[in-house]
Amino acid sequence: MGGKCPSRKVFNELLKQAEEAAAEKTLPLDEDLPGMGQFYCLHCDRYFAGEDVRQGHFSSKRHKKRYFRIISLVASLVKEMMGPAPHTQLDAELAAGMGMPDNGPKLMTMSFT
């Protein structure tokens with residue numbers, strides 16, 4: 001089965017849309033937060049003093065760990081929501097006893113030639 005999983009494509013598309021929306025949306029000014037609350041990391045739930053500090057944070061090991069933990073959690077939730085794979089014709093035939101018989105492993109035969 002080649003190609004990417006359809007749920008992975010859907011997940012990546014949703015993630016891309018969420019990141020674009022977060023980048024376009026300007027946050028309200030808040031004097032109590034670093035950088036007036038304008039430089040926020042969604043995955044780590046942190047505010048930063050400036051854009052350069054936030055960009056440095058994006059390449060940090062701590063951010064990457066949290067980012068991939070969230071990604072794997074969401075991916076498992078999507079997989080769980082998709083449910084089990086549908087049955088195939090072969091599954092139906094085997095359940096009805098119409099499949100190929102299972103005669104066990106082949107035994108070695110002795111030939112007297």
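Q: What makes E51 count as partly exposed?
A: In this predicted model, E51 has a relative accessibility of 32%. Partly exposed covers what lies between under 20% (buried) and over 50% (exposed), so E51, at 32%, is partly exposed.

Q: How do you know whether R54 is buried or exposed?
A: The relative accessible area of R54 is 17%. The cut-off for buried is under 20%, so R54 falls on the buried side.

Q: Why is the contact of E51 with R54 called a salt bridge?
A: The closest N and O atoms of the two residues are 2.9 Å apart. A salt bridge needs such a pair within 4 Å, so E51 and R54 qualify. By this rule, the model has one salt bridge. In general, side chains of opposite charge can pair when their charged atoms come close.

Q: How are E51 and R54 placed along helix α2?
A: They are three residues apart in α2 (residues 51-58), which means about one helical turn separates them. As background, an α-helix has 3.6 residues a turn, so residues three or four places apart point the same way.

Q: How many disulfides does the model hold, and how do you know?
A: The count is zero. For C41, the nearest cysteine sulfur is that of C44, 3.8 Å away. A disulfide requires the sulfur atoms to be within 2.5 Å, so C41 is in no disulfide.

Q: What makes C41 and C44 count as buried?
A: Relative accessibility is 1% for C41 and 9% for C44. Buried means under 20%, so both cysteines are buried.

Q: How do you know that the length of helix α3 agrees with its number of residues?
A: At 1.5 Å a residue, the 22 residues of α3 (residues 61-82) should span 32 Å. The end C-alpha atoms are 31 Å apart, so the two agree.

Q: Which residues of α3 are buried, and why are they said to line one face?
A: The buried residues are H63, I71 and V78. Seen down the axis of α3, they fall within an arc of 60°, so they line one face of the helix. The face turned away from that buried side carries exposed residues, including K61, R69, L73 and E80.

Definitions and conventions: Residues numbered from 1 in each chain as written. Predicted model: local features only at pLDDT ≥ 70, side-chain atom pairs only at ≥ 80, totals over all residues. Heavy atoms only, no water. Buried < 20%, exposed > 50% of the residue type's maximum accessible area, 1.4 Å probe, protein only. Helix = DSSP H or I, 4+ residues; strand = E, 2+ residues; numbered from the N terminus. Expected span 1.5 Å × (residues − 1). Arc of directions from axis to C-beta. Salt bridge = Lys/Arg side-chain N within 4 Å of Asp/Glu carboxyl O.
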